[in-house]
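Let's take a walk through this model together. Keep the picture open while you read, and try to find each piece as it comes up.

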Protein chains: 2
Amino acid sequence: MLTREEAAQGFAAVGSEPRLDVLLVLVRAGSAGLTVGEIQERLNVPGSTLSHHLRFLAAAELVEQEKNGRSIINRAAFGRLEALADYLLRECCADETAAPRKGQAQSKTAAE
Amino acid sequence: MLTREEAAQGFAAVGSEPRLDVLLVLVRAGSAGLTVGEIQERLNVPGSTLSHHLRFLAAAELVEQEKNGRSIINRAAFGRLEALADYLLRECCADETAAPRKGQAQSKTAAE
DNA sequence: GCAATAATTCTATATTTCTAGAAACAACGA
DNA sequence: TCGTTGTTTCTAGAAATATAGAATTATTGC
């Protein structure tokens, strides 16, 4: 499971529009992944900038990079992304006084 | 649904450890919420710093604030958090060439 | 070895964010 | 109205991040 630090790092990684764009392009690409050049074509961003953002995403382990000849294939780390998605609401309502039914995110209209 | 900008802003909001801490405390508290002072007690952070972070979270609409006398009650916006959680993988594999079965996040071992 | 391609690292500047003390503001109770 | 409590705004210096051109490294084909 994700530590608090890993989760924060993961969220920070997708917490910028250019990086979120990069990740979404990779998520759409699925398990095949995309080379840096292919991402660059789709997003129209300078190589050095893209490289910077990919490093961020890779450091957070949201993207995996595999070298293939002179290209680098980037793939979304689907397992990590699922863990991240689950993280926020996992402890929902643990301190709820009345009925501590865990895992129940009540809608915003449900306030007492 | 969340726009790309809203999603990035939301992720950025929980992309710092102190802010993630604040949000998790509120998620645990459930629909009752917590006053600023109560959060402060639990996290042991200066008021001005906490106020700064809460503003960030409120701007991203991840936390709702309601004035109550001289206190302010903060509540996690569970609906928003769910939307955020869903956002990352929603378009999974849309570009997949072979079998574009949407919504299927294959495990990391599935890369041929 | 040399040119071409793919990507990263170096560098520098601009911008944003973090942190927290101090001051200010708002609401309530006496 | 005056003091107290809860919270925000002001302020400022330190640190991190964004952006992108230029130089560099790595891989391949000839």
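## Starting at a hairpin

In chain A, strands S2 and S3 form a hairpin with two residues between them, and there A:Gly69 takes a positive phi near 65 degrees. Keep in mind that what you're looking at is a predicted model. The two strands, S2 (residues 63-68) and S3 (residues 71-76) of chain A, run antiparallel to each other and are joined over six bridges. One of the bridges sets A:Asn68 across from A:Ser71 in S3(A).

Now hop over to chain B. Its S2 (residues 63-68) also pairs with S3(B) in the antiparallel sense, over six bridges. The S2(B)-S3(B) hairpin has two residues between its strands, and B:Gly69 has a positive phi near 65 degrees. Two pairs of residues to look for are B:Asn68 opposite B:Ser71 in S3(B) and B:Lys67 opposite B:Ile72 in S3(B).

Put together, the three strands make an open sheet in the order S1-S3-S2 (chain B), with antiparallel pairing. Which strands of chain B stand at the edges? They are S1 and S2: each has a single partner strand, so one side of each is left without a neighbour in the sheet. As background, strands of a sheet pair through backbone hydrogen bonds, either parallel or antiparallel.

## Helices that cross

Two packed helices are described by the angle between their axes and the distance between the axes.

| Helix pair | Angle between axes | Distance between axes |
|---|---|---|
| H2 (residues 17-29) and H3 (residues 36-43) of chain A | about 115 degrees | 11 Å |
| H1 (residues 4-13) and H5 (residues 78-87) of chain A | roughly 105 degrees | within 10 Å |

Take the H2-H3 pair to begin with. At about 115 degrees, H2(A) counts as roughly perpendicular to H3(A). The crossing of H2(A) past H3(A) is right-handed. On the H2(A) side, the residues that meet H3(A) are A:Asp21, A:Val22 and A:Val25, and they face A:Ile39, A:Arg42 and A:Leu43 of H3(A). Sort that contact by class and you get four nonpolar residues, two charged ones and no polar ones.

Next comes the H1-H5 pair, whose axes cross at roughly 105 degrees. That angle makes H1(A) roughly perpendicular to H5(A). H1(A) brings A:Ala7, A:Gly10 and A:Phe11 to the contact, while H5(A) brings A:Arg80, A:Leu84 and A:Tyr87. Four of the residues in this contact are nonpolar, one is polar and one is charged.

## Where the chains meet

## Around the DNA

There's DNA here too, so let's look at strand C. It is surrounded by 21 residues, and the closest are A:Thr35, A:Gly37, A:Ser48, B:Ser48 and B:Gly69. The elements giving two or more residues to the surface near DNA strand C are H3, H4 and S3 of chain A, plus H4 of chain B. Which element gives the largest share of the surface near DNA strand C? That's H4(A), with five residues. The surface near DNA strand C includes eleven polar, seven nonpolar and three charged residues.

DNA strand D also has 21 residues around it, with A:Ser48, B:Thr35, B:Val36, B:Gly37 and B:Ser48 being the closest. For the surface near DNA strand D, at least two residues each come from H4 (47-59) of chain A and from H3 (36-43), H4 (47-59) and S3 (71-76) of chain B. The largest share, five residues, belongs to H4(B). By class, the surface near DNA strand D has seven nonpolar, eleven polar and three charged residues.

How values were computed:
Residues numbered from 1 in each chain as written. Chains lettered and ligands numbered in written order. Predicted model: local features only at pLDDT ≥ 70, side-chain atom pairs only at ≥ 80, totals over all residues. Near = placed C-beta within 6 Å. Helix = DSSP H or I, 4+ residues; strand = E, 2+ residues; numbered from the N terminus. Nonpolar A, V, L, I, M, F, W, Y, C, P; charged D, E, K, R; others polar. Pairing = 2+ DSSP bridges. Axes fitted to C-alpha atoms, helices over the stretch in contact; angles between N-to-C directions. Parallel < 35°, antiparallel > 145°, perpendicular 65-115°, else oblique. Left-handed = near helix turned anticlockwise from the far one by under 90°. Contact = placed C-beta atoms within 7 Å.
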